[in-house]
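Please look at the sequence and the structure shown here, and keep both at hand while reading the short report that follows.

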Amino acid sequence: MTIQIYKIDGTAKELYPLIGPLVMNPAVLKYNNRYPFKTTKNFEWYVAVDEENGEAVGFIPLEHKNSETLINNYYAQAEGHDEILGWLLDAVKQDMTDEMPPLTALAQIQHAALFKEQGFTTTKEWKLYLKMQKTK
């Protein structure tokens with residue numbers, strides 16, 4: 001599988017055909033604890049696309065807020081899951097600048113080790129999620 005990561009504005013027309021089959025899939029919604037995905041002009045989406053078939057296999061929406069840059073409600077398919085999420089996180093981190101607000105992630109508990117490997121530390125814990133901050 002050859003993966004390409006695309007960075008797409010939150011309301012760009014090309015975003016919807018790529019992520020629509022995933023964000024409307026009941027199994028993907030279950031993965032996201034049944035929380036719906038959302039986007040606005042304040043979002044940038046990092047989308048992992050399988051170049052062989054042109055289908056999205058994962059994504060991280062990045063929301064730009066005044067006080068933080070937030071990762072929330074991400075997804076990666078089961079096959080190559082950690083690798084795909086790792087590539088997506090690498091792409092997000094590469095685009096971060098010192099002028100941007102801190103990078104925060106609301107990570108699912110089962111992904112704590114992966115986010116930690118990527119340089120995040122836990123700042124708050126809930127039953128299903130961790131609030132994690134990227135250390136510089």
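## Glu68 and its surroundings

Glu68 touches several residues beyond its neighbours within four places in sequence, namely Glu63, Pro101, Pro102, Thr104 and Lys131, where contact means heavy atoms within 4.5 Å. With Thr104 there is also a polar contact of 3.1 Å between the two side chains; such a contact is a pair of N or O atoms within 3.5 Å, and within protein one must be able to donate a hydrogen and the other to accept it.

Glu68 sits in the loop between β3 (55-64) and β4 (69-71), strands being DSSP runs of E with at least two residues and helices runs of H or I with at least four. Glu68 is buried (under 20% relative accessible area, with a 1.4 Å probe and protein chains only), yet Glu68 has no salt bridge, and the nearest side chain of opposite charge, Lys65, is 4.2 Å away. A salt bridge requires a side-chain nitrogen of Lys or Arg within 4 Å of a carboxyl oxygen of Asp or Glu.

## Aromatic pairs

The count of aromatic pairs comes to 6, taking rings of Phe, Tyr and Trp (its six-membered ring) with centres within 6.5 Å, and calling planes under 30 degrees apart stacked, over 60 edge-to-face and the rest tilted. Trp45 and Phe59 form a tilted pair, 5.2 Å centre to centre with 50° between the planes. Because Trp45 lies in strand β2 (residues 43-50) and Phe59 in strand β3, the pair ties together parts that are 14 residues apart in sequence.

## About the model

This is a predicted model, in which local features need pLDDT of at least 70 and side-chain atom pairs count only at pLDDT 80 or more, while totals for chains, interfaces and linings use all residues. Residues are numbered from 1 along each chain as its sequence is written, and side-chain values use heavy atoms, with hydrogens and water left out.

Methods:
Buried means under 20% relative accessible area, exposed over 50%, partly exposed in between (1.4 Å probe, protein chains only). Lys and Arg count as positive and Asp and Glu as negative; His and the chain ends are not counted.
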